[in-house]
Structure formats: C-alpha cells, structure tokens
Amino acid sequence: MRRASRLIGIVAAAIACSSRDESRLVPGASVGAGKTAIEHFSCGACHEIRGVPGADGKIGPPLNGILQRTLIGGELPNSVANLVAWIRNPQAIEPRTAMPDLGVDDATARNIVAYLYSLH
C-alpha cells in the first residue's frame, strides 16, 4: 500500500513537471473557468487557494500544490476522476467530512480541478 501511494505521488509529480499546459491534465477543461467557479462557490471561505482573491480560509486544507499530493480527502488516490468525484459529492467518499455538497456539476468540477492542478 505504501509503495503504491509513493508511486502515485511520483507519477503525479512527473506529470506536473512534464507539462506547462494544465489543460492537458484535464482534457476539455478550462483553468480560467475553474478559477471563476472557485470564486462563485466561495471555496476560499474554507480553503487557502493561490490566485483567488480572499481565498484564505483555514477550515479545510490549503489547495495550493494539490497535484503533488498522494491522497484526496485522506481517502482516494489523487487523480482527475477522484478529485472531480470529491468536489461533486464529498460525503459519498467521506461521510464525516466538513466539506459540503455544493451541487457542482461534472463540467464545472473538471474546470475546478484544472485550476487546482495548475497551482503547482
């Protein structure tokens, strides 16, 4: 298990270093639309997020550098699909999480992931 987690982290770091074009990490997503969605859903009320005005919340973890993290919500391997699933319905993954279900649709969640993955 520990080896698999380490391998996931290495792969994520390699992806981050191999591309300056974050849209390649999340095909069809928009980094700019992700930033707009983060502002719209007030994610910064709970999270610190670089580049988003007023995003200095201390309830949830800082989201800067999330691409280099091994796990999402302490539960899932870090991947586009898993982060989209977490954003869309965090209680389905971790019922006791403080993160609310904000009613984010799939396309918007993918845009948010594109923005967050750009913060490496």
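Predicted model: local features only at pLDDT ≥ 70, side-chain atom pairs only at ≥ 80, totals over all residues.
Residues are numbered from 1 along each chain as its sequence is written, and side-chain values use heavy atoms, with hydrogens and water left out.

**Stop one: the helix pair**

Select residues 80–88 for helix H3 and residues 106–117 for helix H5. Helices here are DSSP runs (H or I, at least four residues), and strands are E runs of at least two, numbered from the N terminus. The two axes come within 9 Å and cross at roughly 120°; axes are lines fitted to C-alpha atoms over the stretch in contact, with angles from 0 to 180 degrees between N-to-C directions.

Now show side chains. Val80, Leu83, Val84, Ile87 and Arg88 in H3 meet residues of H5, including Ala109, Ile112, Val113 and Leu116 (contact means heavy atoms within 4.5 Å). This H3–H5 contact has nine nonpolar, no polar and three charged residues. Nonpolar means Ala, Val, Leu, Ile, Met, Phe, Trp, Tyr, Cys and Pro; charged means Asp, Glu, Lys and Arg; the others, Gly among them, are polar.

**Stop two: the pocket lining**

Select strand S1 (71–72) with H3 and H5: each supplies at least two residues of the lining of the largest pocket. H3 gives the largest share, three residues. By class, the lining has 21 nonpolar, five polar and one charged residues.
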